Amino acid sequence: MYEYEARVERVIDGDTIEFSVDLGFHLYFREQMRIAYYAAPETKGEERSLGLIAKQKLEELLPIGTILTIKSYKTEKFGRWLAEVFWKGGLLSEFLIQEGYG
């Protein structure tokens, strides 16, 4: 598991964020990462309305430019890295689940 400082570049959907990850030595890597331990409704199909609400909430919580700590450790079936996202002293996934978004 690797821990990095990351800047939010955009919210893709309710559980995927594009980050600019600080690798150190003035090196940055831009990557879409899925929030670990969390699944939001899809923004397509029957879940669309709920998926758009989850995306909007994530955009409110993490505006572009927000700096966070992330821990990444493996990729999922679509090739995106899974990342534990730390927000306000805890896991973002736990907060989103408690609030009913996932």
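**Close-up 1. Strand 5 meets strand 6.** Strand 5 and strand 6 (residues 90-91) run antiparallel, paired over two bridges; strands count as paired if DSSP finds at least two bridges between them. Strands here are DSSP runs of E with at least two residues, helices are runs of H or I with at least four, and both are numbered from the N terminus. Look for Phe-86, whose bridge partner in strand 6 is Leu-91. The two strands make a hairpin with two residues between them, and Lys-88 in that turn has a positive phi of about 50°. This is a predicted model, so local features need pLDDT of at least 70 and side-chain atom pairs pLDDT 80 or more, while totals for chains, interfaces and linings use all residues. Residues are numbered from 1 along each chain as its sequence is written, and side-chain values use heavy atoms, leaving out hydrogens and water.

**Close-up 2. Strand 5 and its other partners.** Strand 4 pairs with strand 5 in the antiparallel sense over six bridges, with Lys-74 opposite Leu-82. Five residues lie between these two strands in their hairpin, where Gly-79 has a positive phi of about 90°. With strand 3, strand 5 pairs in the parallel sense over three bridges; here Met-33 has Trp-81 as its bridge partner.

**Close-up 3. Around Phe-19.** Leaving aside residues up to four places away in sequence, Phe-19 touches several residues, including Val-8, Phe-29, Met-33, Ile-70 and Val-85; touching means heavy atoms within 4.5 Å.
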